[in-house]
Amino acid sequence: MAADTALLADPRIASAIELVWHEADLLDRKEYQEWDRLWAPGGRYVIPIDPQTKDFAATLNMVYDDDRMRRMRIERLTSGYSISAVAAARTVRTLSRFVVRHRDDAVVELGSAQVLVGHRREETFVLGADVTHRIRLDGAGPLIEEKVIRLINSDGAVNASGFLL
Amino acid sequence: MNAPTPTGPTGTDIATLVQDDRVDVSLYTDPHLFELEMDRIFNRTWVWVAHESEVPNAGDFKTAMVGRQPVIVTRDRRGGINVLLNRCRHRGASVCEAPRGHANGFTCPYHAWSYALDGKLRGIPYPDGYGDDLEKKDFPLHRLKVDSYAGMVFASFDHEVQPLADFLGPARHWMDLFMKQGAGYPIKVQGEHTFRFKGNWKIQLENTTDGYHFPIVHRSWMSSVDAETAEMLSFMTDEKAVTHALGNGHSVMVMVPEHVDLDQDDGTEQLQERFGHIVEELSREFAPEKVRRIVRSLHGAGFNLNLFPNVAMSMSFFRVLRPVSVTETEIRHMALGLDGGPEIVNRERLRIHEHFQGPFGFGSPDDSEAWDRVQRGATAGPGLPIMVNRGLPRERHEGDGRVSHATDETGMREAYAMWKAMMTDGR
């Protein structure tokens, strides 16, 4: 039986996936200023700790950024003053196993698996995550409205990082 | 005959490793010393395991570590707190793997020996196989000695350990002051960040009352906060920003002198503009004095209190260290809130915590990088000591102990004096 490729034929899904891949490339290259331009106004960037939580505002997260916090984070990572950012791992990440959680003419919500391989000071490490992107399509181009990264070890020890997921 | 000089397994005279102004670098690198620390420090003294708010009701539990030994902290039916070794008395399997939760007791998954919340052995399947020799009362989960102060729960493997109140000594006064950040509400734990760094536990122990590193390591965080917060923490040249050695390895570093006692308010402090929305909401319910009291406490106490060997009460959070190996340490930064307090306040405290703490915070990764670098550097020049001499010429005796500036290494010297005393104690 042939695989169902109807999702990939949907231009809304294709453009959302392209955005996710483009974002991954920018983050691996640490092009954070350009990454910021992928965000819709008011976009929310979240790395929760609690694997189950949906109420991010009421719980402690690793990252819970609005526009202001995200831009301060970018400033921190690019200013040269943060010793952890200067020494950050090189990363290469893959996002695949896409699942369409919602789609209409304005918004596509994509779930995906992210495998990030990093290398820093003689050590190669892996971070796995389940990622959700909520992407707005009704503007000039697709923009990220919400990104939630659920690390598979989010409620365990997560090593300090000088890079972004 | 004189008692022999205490030595480590390698024959080193441990007393010579710690001088007033320096410590031997082997304290970071020698695995034999690490094994002795687990035995002579973590298995003998009071080790922090929980805040009472983490186990508020009968049946609540959390798992923790005392040194390298896993324990369960439980609240029993009588309201008592128990610290139990997480090890079935039959064949040694752990009886609980959840980090926290609620239970009636614990049943070993291997052969179903079951235990009550206070550790008593309740049931053994098919007991006739043991004949008449096995008395259930002889096989409870192993209990540690437990005591608490100001809601902070400590445990010890040594049932003859000195009373907790004596061990904490003058630190108790600062613990009381720290809890005032609740602004009349009890303090509760609101969540925690956990991360590890590749370095010895004492590198982090040093950090909590090391004001010297703050504006250097945390320059990127300082530039990200508003000017009022940065000004609040600009203690480098403030003569009232001091570090006290409190005895038994404990120390306190005052960074915001006007916030040492949050009940004291001379009315001159301007509330931070960024909290305007909170003032507005709270003002609908509370009198102006109460609003001001709560908002002045949002950043926590004006000091970091370091309690030897494993917990710090650091401004608005608990910082807990766990030695994993001689070159690896786990850190927890526990966010605090107001139990029963206004939701908007607790949320703001979460956001403040996220801003600095955790593996993706604006502060913790830079601390972690600095600690990694100390461990990496410590492998070079094995004969070169670690210097903890800053502030020695200006250190003075005052009240409870020695005092110097917040950027001085008084707290580290206090911790290493305790380390030396415990490591060379012939008990």
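Here are legends for a set of close-up views of this predicted model.

The model is predicted, so local features need pLDDT of at least 70 and side-chain atom pairs count only at pLDDT 80 or more, while totals for chains, interfaces and linings use all residues. Residues are numbered from 1 along each chain as its sequence is written, chains are lettered from A and ligands numbered from 1 in the order in which they are written, and side-chain values use heavy atoms, with hydrogens and water left out.

**View 1. The stretch of chain B annotated as Rieske.** The UniProt record, an unreviewed entry, places "domain: Rieske" on residues 46-155 of chain B. UniProt positions are given in the numbering used here, feature names are shortened, and annotations may be inferred rather than shown by experiment. Helices (H or I, at least four residues) and strands (E, at least two) are DSSP runs, numbered from the N terminus.

View 2. Cys88(B) is in no disulfide, and its nearest cysteine sulfur is that of Cys108(B), 3.9 Å away. That's too far for a bond. Cys88(B) is buried at 1% relative accessibility, and Cys108(B) is buried too, at 4%. Buried means under 20% relative accessible area, exposed means over 50%, and partly exposed is in between (1.4 Å probe, protein chains only).

View 3. Strand S4 (residues 69-75) of chain B and S5(B) run antiparallel and are joined by five bridges; two strands pair if DSSP finds at least two bridges between them. Across the pair, Thr74(B) stands opposite Asn82(B). Five residues sit between the strands of this hairpin, and Gly79(B), in the turn, has a positive phi of about 90°. Now look at S5(B), residues 81-85: five of its five residues are buried, so the strand is largely enclosed by the rest of the structure. Ile81(B), Val83(B) and Leu85(B) point one way, with Asn82(B) and Leu84(B) pointing the other way. In a regular strand the side chains alternate between the two faces of the sheet.

View 4. Most residues other than glycine have a negative phi, and most peptide bonds are trans. Phe308(B) and Pro309(B) are joined by a cis peptide bond, with omega about 5°. Pro309(B) sits in the loop between strand S15 (303-307) and strand S16 (311-314) of chain B. Met315(B) isn't a glycine, yet its phi is positive, near 50°; you'll find Met315(B) in the loop between S16 and strand S17 (317-325) of chain B, where it is buried at 13% relative accessible area. Over in chain A, Arg121(A) has a positive phi of about 45°. Arg121(A) lies in the loop between strand S4 (107-120) and strand S5 (123-136) of chain A, and is partly exposed at 27% relative accessibility.

**View 5. Salt bridges between and within the chains.** Over all chains, the count comes to 52 salt bridges, each a side-chain nitrogen of Lys or Arg within 4 Å of a carboxyl oxygen of Asp or Glu. One of them pairs Arg76(A) with Asp366(B), at 2.7 Å from N to O. Arg76(A) is in helix H4 (residues 67-78) of chain A and Asp366(B) in helix H12 (residues 364-378) of chain B, so this pair joins two chains. Both Arg76(A) and Asp366(B) are buried. Another salt bridge links Arg347(B) and Asp55(A), at 3.9 Å from N to O. Here Arg347(B) belongs to helix H11 (residues 343-356) of chain B and Asp55(A) to the loop between strand S1 (39-48) and strand S2 (61-65) of chain A, so the two chains are joined by this pair. Arg347(B) is partly exposed at 28%, as is Asp55(A) at 40%. Within chain A, Arg73(A) and Asp65(A) form a salt bridge whose closest N and O atoms are 2.5 Å apart. Arg73(A) is buried at 3% relative accessibility, and Asp65(A) is buried at 0%.

Methods
A disulfide is a pair of cysteine sulfur atoms within 2.5 Å.
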